Amino acid sequence: MARYFIGKFVSLLFSLFILATVTFFLMKAIPGDPFTAEKAVPPEILAKLNAFYGLDKPIWQQYITYLQNLLNFDLGMSMRSQYQTVSGIIADSFIYSLQLGLIAVVVSVIIGVALGLLAALYYRKWIDTAAMIVAVLGVSVPSFVVAAFIQEWIGNKLDLLNPAGLNGPADFIMPVIALSALPVAFIARLTRSSMLEVLTADFVKTAKSKGLRQQVIIIRHALRNGIMPVVTYLGPMTANVVTGSVIVEQIFGIPGLGPQFVTSVSNRDYTLIMGITLFYAVILMIARLLTDIAYAFIDPRIELTNRKEAA
Amino acid sequence: MENMLSVSDLHVSFRARGGEVQAVRGVSFEVKPGEAVAIVGESGSGKSVTAQSIMRLLASPPSYVKQGSIEFMGRDLLRLSDKEMESVRGKDIGMIFQDPMTSLNPTMTIGRQITEGLIKHQGLSRSAAKARAVELLSLVGIPNPEARYSQYPHSFSGGMRQRAMIAIALSCNPALLIADEPTTALDVTIQAQILNLMKDLQKRLGTSIILITHDLGVVSEVCDRVIVMYAGQVVETGTKEEIFRSPQHPYTRGLIRSMPHLDQPKHEKLIPIPGSPPDMLQPPAGCAFCSRCEHAMEVCLNNDPELLKVGESGQQAKCWLHHPLAKEVQQA
């Protein structure tokens with residue numbers, strides 16, 4: 001077990017190193033720099049700025065310096081937002097994305113699993129059809145359509161909620177709906193197909209032959225075995241939702257990480273691009289690690305080891 | 001002795017794309033307390049469907065019982081509510097399935113899977129149920145039951161899993177144990193162990209057994225009485241001795257001839273039954289075995305025979321050859 005976590009940690013560091021390297025050089029390959037603006041900056045000031053941020057040095061030297069700072073957990077200063085550190089910007093905006101994302105994850109899992117379960121239990125009945133229509137809609141309607149639609153109707157026309165901003169608990173409702181639409185649909189479909197398979201498994205028949213109640217059989221015996229595909233999907237999905245959706249956050253005017261990332265790229269804010277990219281990678285890898293742990297927790301046949309051969 | 005289970009005129013069908021598959025067509029048989037009865041037949045003969053109908057385990061739809069009754073200890077199981085049926089399953093009737101590799105829940109400890117029924121049916125506390133489960137594990141011959149109790153099925157071998165399944169099925173001292181091909185998925189050496197275990201437990205606990213199998217060797221090990229099924233019908237019944245020594249239905253005779261014997265001369269070939277069973281979407285009007293039968297007569301084609309008494313004992317065969325009017329036929 002300890003070896004497993006050490007192994008995971010080493011591979012995390014290695015992945016981060018590769019990612020940092022590739023991002024660094026790709027970023028430098030984009031034309032323009034942080035100080036290119038509509039209004040020309042006097043060359044003396046430009047030279048001073050470049051010197052301040054170390055941009056006057058050869059690229060390999062910049063790279064080495066960046067890695068050295070990284071080892072000290074220093075992501076540097078933002079090149080466009082004055083007096084702000086990259087970690088500060090990430091921390092400030094991540095808090096919104098995280099809150100929103102976690103709520104969306106919980107909502108998606110509850111509604112998605114419930115829909116999928118109902119569809120499987122009432123296979124080929126109208127409940128199944130209705131649930132799958134919802135699922136197809138959720139998968140195929142893009143989140144910006146959902147977001148704009150509910151903003152227009154619930155926010156403007158019916159005037160039930162504030163169309164934008166994040167000032168109270170009620171303001172979470174619409175962004176969460178927009179963020180959850182796709183995951184709900186996806187989880188519902190995963191749950192349905194996997195439950196349909198599990199419900200015909202021999203051990204479910206065994207459970208029935210013991211005289212257990214239908215609800216007990218479904219919850220205790222079937223669901224635990226049928227939930228695995230959802231857990232698999234949950235890792236990357238959580239990372240995705242928690243790090244902020246550019247579109248949804250933009251539409252509802254939420255100062256989350258998503259819009260920050262987009263602005264950082266168009267601003268060529270080198271340190272911020274690097275910082276958010278690495279941050280996203282860390283979150284993704286943590287989510288994957290949690291998925292692995294959840295696997296081992298749910299299915300006793302899975303052991304957390306580094307060995308290649310199956311136990 | 002009073003019958004403990006009596007199945008009469010059971011018809012079970014499945015709704016399928018092409019129409020109605022008549023899996024079981026008028027099966028009747030009885031089981032007495034403490035008796036071991038084998039239901040023998042090839043795949044698709046309706047033996048498993050019959051067994052699962054007793055427990056009402058078949059999903060409906062697509063399956064449905066068209067007619068008949070299943071009297072168990074004075075009650076018709078087919079008329080019980082779902083709730084009443086739950087208190088019969090696992091408590092009065094236990095069941096063992098064919099494939100021990102898939103019939104245990106992989107995400108639950110063996111112990112929990114045994115105690116589940118005990119807690120539900122006997123109202124035992126968790127600790128009492130655990131003590132009983134450990135006792136059951138050692139009863140079915142699992143060494144080190146204390147440690148095995150908290151292990152998961154993947155740490156058990158196939159034979160061990162089937163032993164655990166037997167422990168689950170017998171946990172509440174059921175009056176009847178239905179074993180649906182319990183040894184089909186096991187190695188031959190393990191098969192013998194499991195059969196001996198079942199025989200031994202039957203003697204000790206006085207449980208009645210219905211053993212579903214296609215393996216006549218298994219039948220001779222465990223059972224007192226044999227029911228031979230073909231195309232959803234009972235074609236012959238009798239004691240084990242009667243069926244093996246003097247099979248009266250051409251199908252039973254064919255089955256026995258196609259089984260290898262140890263004392264068979266090396267070069268003697270086994271004689272298979274030619275042809276294949278009829279399509280249960282459109283079962284034939286006459287005797288279902290007619291098209292494969294070497295003794296087929298004109299009457300067989302359009303008239304389905306009744307189960308006819310053969311000799312003085314209880315042996316019965318569903319064949320026109322045993323009709324009083326049929327002329328004596330040279331037996332093969």
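1. A search of the whole structure finds 12 aromatic pairs over all chains. The model under discussion is a predicted one. One of the aromatic pairs is formed by A:Phe24 and A:Tyr63, with 5.5 Å from centre to centre and 55 degrees between the planes, a tilted arrangement. The pair links distant parts of the chain, A:Phe24 lying in helix α1 (residues 2–29) of chain A and A:Tyr63 in helix α3 (residues 59–71) of chain A, 39 residues apart.

2. On the overall composition of chain A: its secondary structure comprises 13 helices and zero strands. The C-alpha trace of chain A spans about 85 × 60 × 30 Å along its principal axes. The UniProt record, an unreviewed entry, lists residues 94–291 of chain A as "domain: ABC transmembrane type-1". Over residues 94–291, chain A is 80% helix and 0% strand, and the end C-alpha atoms are 21 Å apart.

3. In one of them, helix α7 (residues 173–199) of chain A packs against helix α10 (residues 228–242) of chain A at an angle of about 170 degrees, the axes being 10 Å apart. Because angles over 145 degrees count as roughly antiparallel, α7(A) is described as roughly antiparallel to α10(A). From α7(A) the contact draws on A:Leu179, A:Pro183, A:Phe186, A:Ile187, A:Leu190, A:Thr191 and A:Ser194, and from α10(A) on A:Pro229, A:Val230, A:Tyr233, A:Leu234, A:Met237 and A:Val241. By class, the contact of α7(A) with α10(A) has 11 nonpolar, two polar and no charged residues.

4. The other contact involves helix α4 (residues 86–121) of chain A and helix α12 (residues 257–266) of chain A, whose axes come within 8 Å and cross at roughly 135 degrees. The helices α4(A) and α12(A) are therefore oblique to each other. On the α4(A) side the contact is made by A:Ile89, A:Ile90, A:Ser93, A:Phe94 and A:Ser97, and on the α12(A) side by A:Leu257, A:Gly258 and A:Gln260. The residues of the contact of α4(A) with α12(A) divide into four nonpolar, four polar and no charged.

5. For chain B, the UniProt record (unreviewed entry) lists residues 5–256 as "domain: ABC transporter". Over residues 5–256, chain B is 38% helix and 28% strand, with the end C-alpha atoms 28 Å apart.

6. One open sheet of chain B consists of four strands in the order β2-β1-β4-β5, with antiparallel pairing. At its edges stand β2 (19–31) and β5 (75–76) of chain B, each with a single partner strand, so one side of each is left without a neighbour in the sheet. Strand β1 (residues 5–16) of chain B pairs with β2(B) in the antiparallel sense over 10 bridges, and a hairpin of two residues joins β1(B) to β2(B). Among the facing residues, B:Phe14 has B:Val21 in β2(B) as its bridge partner, while B:His11 stands opposite B:Arg25 in β2(B). Helix α1 (residues 47–55) of chain B packs on the sheet and touches β1, β2 and β4 (63–72) of chain B, its direction making about 110 degrees with that of β1(B).

7. A further open sheet of chain B has eight strands in the order β6-β7-β8-β3-β9-β10-β12-β11, and its pairing is mixed. Its edges are β6 (93–96) and β11 (308–309) of chain B; each has a single partner strand, so one side of each lacks a neighbour in the sheet. Strand β3 (residues 36–40) of chain B and strand β8 (residues 208–213) of chain B pair in the parallel sense over five bridges; B:Ala36 has B:Ile209 in β8(B) as its bridge partner. Helix α10 (residues 250–257) of chain B packs on this sheet, touching β3, β9 (225–230) and β10 (233–239) of chain B, and its direction makes about 105 degrees with that of β9(B).

8. Most residues other than glycine have a negative phi. A:Arg268, not a glycine, has a positive phi of about 55 degrees; A:Arg268 is placed in the loop between α12 and α13 (270–298) of chain A. B:Asn144, likewise not a glycine, has a positive phi of about 55 degrees and lies in the loop between α4 (126–139) and α5 (145–149) of chain B.

Notes: Residues are numbered from 1 along each chain as its sequence is written. Chains are lettered from A and ligands numbered from 1 in the order in which they are written. This is a predicted model: local features need pLDDT of at least 70, side-chain atom pairs count only at pLDDT 80 or more; totals for chains, interfaces and linings use all residues. Side-chain values use heavy atoms; hydrogens and water are left out. UniProt positions are given in the numbering used here, feature names are shortened, and annotations may be inferred rather than shown by experiment. Axes are lines fitted to C-alpha atoms, for helices over the stretch in contact, and angles run from 0 to 180 degrees between N-to-C directions. Angles under 35 degrees count as roughly parallel, over 145 as roughly antiparallel, 65 to 115 as roughly perpendicular and the rest as oblique. Contact means heavy atoms within 4.5 Å. Ala, Val, Leu, Ile, Met, Phe, Trp, Tyr, Cys and Pro count as nonpolar, Asp, Glu, Lys and Arg as charged, and the others, Gly among them, as polar. Two strands pair if DSSP finds at least two bridges between them. Rings of Phe, Tyr and Trp (its six-membered ring) pair if their centres lie within 6.5 Å; planes under 30 degrees apart count as stacked, over 60 as edge-to-face and the rest as tilted.
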